[in-house]
Amino acid sequence: MGKLVLLTLLGAGLALIGERLVAIRQRTNASREVEPVEPQNCHLVEGLGYGSEDIDVLPSGLAFISSGLKYPGMVNFGPDEPGQIFLMDLNEQNPRAQVLNISDSFDKASFNPHGISTFMDKDHTVYLYVVNHPNMKSTVEIFKFEERQRSLVHLKTIQHKLLISVNDIVVVGPEQFYATRDHYFTNFFLTLFEMAMELHWTYVLFYSPREVKVVAKGFSSANGITISLDKKYIYVADVLDKNIHVLKKHDNWDLTPLKIMQLGTLVDNLTIDPDTGDILAGCHPNAMKLLNYNPEDPPGSEVLRIHNVLSEQPSISTEYANNGSVLQGSSVAVVYHGKLLIGTVFHKTLYCVL
């Protein structure tokens with residue numbers, strides 16, 4: 001009798017493992033290949049060969065780029081050096097990437113930048129907020145941008161018990177921001193368990209010096225986040241559920257869910273077209289290739305544009321798609337006056353004139 005129970009439990013366990021492995025392959029689009037969609041006038045950006053995980057562009061056309069992210073379970077081609085912030089002026093005919101110097105008051109040796117967001121105050125001073133993972137923890141760093149010196153002055157480090165496994169950030173006021181938590185567990189193997197069991201335990205939080213609170217929850221892996229042009233709506237990417245959540249922002253900073261847009265691809269960072277209000281989504285068409293990297297069959301890249309986001313029937317078009325022969329692991333895309341800049345988690349950066 002005891003052997004029969006043991007065999008029954010073993011069979012049930014193996015069946016569960018098999019079912020979960022199939023589910024993981026489905027969630028990561030493990031069998032998907034992309035059809036190429038490549039604008040003609042594109043070239044790789046010199047000096048940005050080790051990732052450009054997130055990009056934020058000022059109204060003036062200055063683009064801030066986070067580079068050198070080291071993330072558990074993800075391949076990294078860069079040298080064993082700290083991450084950096086680059087700057088590109090998209091007004092230039094042939095924009096170049098320039099490393100921004102960071103003030104000595106900041107611990108640059110442990111700099112591991114992830115999501116970024118800019119904020120401009122009333123006197124047009126520019127501040128850059130950076131999700132940082134020093135020693136694989138999560139902080140938010142606030143820098144003041146010195147345009148003439150092309151440098152960043154570190155002002156403050158923000159830590160909080162709810163700022164765990166932070167992925168991305170969107171600043172909505174002085175020291176006020178929404179941030180996404182992409183994993184409930186911080187141990188790498190437990191995050192794999194979390195993904196395999198399809199747990200929906202991650203969230204969006206609001207931070208201010210006076211109040212820190214969870215304002216949206218129930219995400220499988222809350223990832224990219226941005227705000228609409230009119231500042232009334234927050235858009236959140238759930239990378240593992242392959243969708244974008246649209247939430248209404250209230251005066252007390254709470255968020256109300258309005259709808260979910262399914263995209264069928266793993267959505268990373270989100271940005272807004274400043275001319276149209278469309279969402280630009282950097283996506284991973286096949287995340288299994290991203291997690292199980294093979295240089296002979298690399299992960300592809302995909303950029304989607306979501307038109308008429310708030311309408312009953314938003315339309316979706318493909319701005320860029322490549323099987324990995326040019327660009328691997330796209331994570332973000334920005335547009336500025338007919339120019340497209342696509343960043344990646346660990347690979348190169350592509351600049352196109354549309």
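The model is a predicted one, and every value below is computed from it. The sheet has five strands in the order 6-10-9-8-7, with mixed pairing, while the serine, S67, is found in strand 3.

**The open sheet**
- Strand 7 pairs with strand 8 (residues 126–132) in the antiparallel sense, over six bridges, and I116 stands opposite V130 in strand 8.

**The surroundings of S67**
- S67, in strand 3 (residues 62–67), has a relative accessibility of 8% and therefore counts as buried, the cut-off being under 20%.
- The side chain of S67 reaches the backbone oxygen of G51 at 2.7 Å, and G51 is also one of the residues that S67 touches when those up to four places away in sequence are not counted, the others being L48, Y50, G83, Q84, F86 and P113.

**Positive phi in two loops**
- Most residues other than glycine have a negative phi.
- K242, in the loop between strand 16 (233–238) and strand 17 (243–249), has a positive phi near 60°, and K242 is buried, with a relative accessible area of 16%.
- H337, in the loop between strand 23 (330–336) and strand 24 (339–344), has a positive phi near 45°, and at 52% relative accessibility H337 counts as exposed, for which the cut-off is over 50%.

Definitions and conventions: Residues numbered from 1 in each chain as written. Predicted model: local features only at pLDDT ≥ 70, side-chain atom pairs only at ≥ 80, totals over all residues. Heavy atoms only, no water. Pairing = 2+ DSSP bridges. Helix = DSSP H or I, 4+ residues; strand = E, 2+ residues; numbered from the N terminus. Buried < 20%, exposed > 50% of the residue type's maximum accessible area, 1.4 Å probe, protein only. Polar contact = N/O pair within 3.5 Å; in protein donor to acceptor, adjacent residues only side chain to side chain. Contact = heavy atoms within 4.5 Å.
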